[in-house]
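Please open the model in your viewer and keep the selection panel at hand.

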Amino acid sequence: MTAASSLGLDGEGDIVCPSVCRCDEDFIYCNDRGLSAIPPLPPSATVLYLQNNHIDNAGLPRSLEHHITVRVIYLYDNELDDFPLNLPPSLRELHLQDNNIRVLQRAALARLPLLEKLHLDDNSVSTVSIEDQAFADNPRLRLLFLSRNHLSSIPSGLPASLEELRLDDNRISTIPTHAFRGLSSLRRLVLDGNLLANQRIADDTFSRLANLTELSLVRNSLQTPPLNLPSAHLQRLSLQDNNLIHMPRGSLDGMRRLQRLDLSGNNLTTLPRGLFRDLDNLGQLLVRGNPWHCGCNLRWLHDWLEAKGNTITVRGFICQTPERVRDMALRDLTNQMDECVGGNRVSGGAVGVISTTLSAPQGSLFTLRSKRPGLGLPETGLDYTLSSSGVGKNLALNVKPLSHDSIRVTWSVAQTSSSFRLSWLRLGTSSAMGSITETLVRGDRREYLLTSLQPASSYIICMVPLVSNSGSRSSLPVCARTETADPGLPDEEQGEEESSDQMTSLPLAGIIGGATAIVSLALIIAIFCWYGHRAGRLKSRDHYSHSGSRKSKHYDDYIESGTKKDNTILEIRGPGFQMTPMATRQTLQPKPVREDYIIHTIFPSNGTVPYKPTQNMTNSGYGTNRGYREGGIPDIDYSYT
C-alpha cells in the first residue's frame, strides 16, 4: 500500500475517505474510533459522525471551517470544555450533548448563522454563563435543547424563530412575565423536572405563547395548572407527577384542539362540572395514580365519557372511594350513578353524593373557585372560633357529625325563603387551591345530610337564604364549624360533640357498681358468720377437759409446752395466764356469790418466754400466739374465744 492510499488520497492527491473511518457517499462515519482529533475529510462531506470519541477543543482543526458542504455534525459524548470554534459556517444541525461545555459566547455562535438545531443536553451550562444576546446572530435557530444543565431561570435573548425549547431537568424555580417575550413561533415547550410552583409563575407567562401546541410541566410542584394557558392551538398538555389538588373549572377553557391530557400521579379526588366543555377533540385522557372519589360529584364526567364512546381513550380512572366502588372504573358505575338524585341531571352536572342513607334528594353540586366574589366564606388560613351552631339575622344553623363521613345540618328561619344555598369547605387546604362545594336546597326543607366526607377532618358549613324570584342572597351567610369522626376510635371517644351520647353508658355503670357492692357486702357477712361459727366450735372443744374427751388426743398440750398438767387449775385461754380459786377453807361470803381469783403468770419451761421479739417473727397467727407456735403448740388450741 502506498503512502497516498494510506492517507485516503486518490491518484490526483484528493482525499477520498480517512482510513480510520467509513464513508458512504457524503456520510462520514468516524464514531467510536477512540479519536482525539478529527482526521482530514473529503471535500464532499455533508454529514459527520464523530460521537463517542475523545476529541477535545484542540482536536478541531482549522481546516474544518472550510468544508462548506457540511450540514450536520455529531460531536456528542466527547471531551469538549468550550463551545467549538472552527466549525463550517454552512452548519444547520449541531449535536454537542454529553460534553462539559460551560459557556455560550455570542462570538462562537455568530460563526454559525445558518444553524437551525442545537443540542446542548447534559453539559454544564448555567444561566450566568450564557452571554447576553448570545443567540442574536442565529436568526434561523428553530430547536434548542438545554436539558440537564445548571439553569436556574429561562435564558434571555432567545431568537424569535425558535419553535421547540427543551429546558427539562434543570433548577428553574421562577418564570417571570417577560421570560417568553417575542417567542411567538414557539410550538413545543418542555419544562419537566424543575422546581416550579404556582406562586413563582407569573399569571401571563404562558399566554404570550399563542402558537404553542405542546406544553409539558411534568415533575414539578404545581397544585393547580398555571393561569392563562395558551388555548388556541394547544394539542398536548402534560401535568403528571405534580401535586395537583384542584382543577379550576375554567382552566381548560378554549382548548378545542386539545388531543391529549395527562393528569397522572397527582392528588386529585374530583373534577368540577364543565371542566371538559370545550375539549371536543380530546382523544386520550390519562388520569392514573389519583385518589378519585367516585360519588355523584363525578356523574357529569361519567355521562360525558358515555357520550364520547370509543372516540376517547381513558387510562387510570379507577375509584378509591367510597368503599363500595373501590377499584372500579368510572365508566362501569352506571347503576351507581343512576341512584343520584332520582335522575336529576343538570346538563351532565354533578349531583349529590353516592350514599345509601340519603333520606331526601340533594340539589345540584357546583364546584366553584374558592375566591369567587361574594361567596362570603371565612378565610381558611385563620384560627376559627366557630362552634357547631351559628345564628344570623333570619336563620339559625346547627351541624352535628353522625359518622366518620357524614354530617347532619339542620336550620330554622324567621321568615320563609324560596330556597337556601348550602356551602361546605374542608379545612387544611389553601383557599386559593381548594374548592367550595355548594348546593341549592328547597325552601320547605329544614335539614340536610352531607355524606362521603373526609374522616377526621374539620368542615366549615355555611347557609344563606335566597330571596324569592331573584336568586340573589338576602343576607350574609351563617356559618358553623364541626369535625367528622376518626373511624379508628370508638364512638365514646369522638369528642365533646358526642358527650350527650356518652351519658347513656351511666345507668349500666351504676348497675355494675351496685352489684359489686352487694356481692362485697354478702362476702363480708359470710366471713363474719364463718368466724363466729368457728369460734363457737372452739368453745365447745373446751369442755373436753371435763368430760374426758381430751384423753383421746395423741398428744398432750401441756407436756408439749413444758408445763405439768394439773386438773385443779382452771385455765383461761389467754396468752400465758391462769386463774386459781382461793382455798376452800376460806369462808364464803353471802349472796351475791362472789369468787375471787388470783392471777398467776405461767412461765414456760427451759427458761423460754411466751413472747419473742417482733423482728424474729416470720409467721402470722391469731392474736399473740406467735410465741407458742415456736414451742410446738398448735394455734387452733389457743385461738380467741
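The stops that follow concern disulfides and one proline.

The model is predicted, so local features require pLDDT of at least 70 and side-chain atom pairs count only at pLDDT 80 or more, whereas totals for chains, interfaces and linings use all residues. Residues are numbered from 1 along each chain as its sequence is written, and side-chain values use heavy atoms, with hydrogens and water left out.

**Overview: cysteine sulfur atoms**

Begin by displaying the cysteine side chains. A search of the whole structure returns four disulfides, a disulfide being a pair of cysteine sulfur atoms within 2.5 Å.

The link is right-handed, with 90° about the S-S bond. Cys17 is buried at a relative accessible area of 18%, while Cys23, at 26%, is partly exposed. Here buried means under 20% relative accessible area, exposed over 50%, and partly exposed in between, computed with a 1.4 Å probe on protein chains only.

**Next stop: Cys294 and Cys319**

Move to Cys294 and Cys319, whose sulfur atoms lie 2.0 Å apart in a disulfide. This link is left-handed, with -100° about the S-S bond. Cys294 sits in the loop between β14 (292–293) and α3 (299–308), and Cys319 belongs to strand β16 (residues 319–321), so the pair ties together parts that are 25 residues apart in sequence. Helices (H or I, at least four residues) and strands (E, at least two) are DSSP runs, numbered from the N terminus. Both Cys294 and Cys319 are buried.

**Next stop: Cys462 and Cys479**

Now select Cys462 and Cys479, a disulfide with an S to S distance of 1.9 Å. With 110° about the S-S bond, the link is right-handed. The pair connects distant parts of the chain, 17 residues apart: Cys462 in strand β24 (residues 458–466) and Cys479 in strand β25 (residues 478–483). Cys462 is buried, at a relative accessible area of 3%, and Cys479 is buried as well, at 13%.

**Last stop: Pro291**

Finally, centre the view on Pro291, in the loop between β13 (284–286) and β14. Is Pro291 buried or exposed, or does it count as partly exposed? Its relative accessibility is 32%, so Pro291 counts as partly exposed. Which residues does Pro291 touch, not counting those up to four places away in sequence? Pro291 has contacts (heavy atoms within 4.5 Å) with Asn266, Asn267, Leu268, Thr269 and Gln320.
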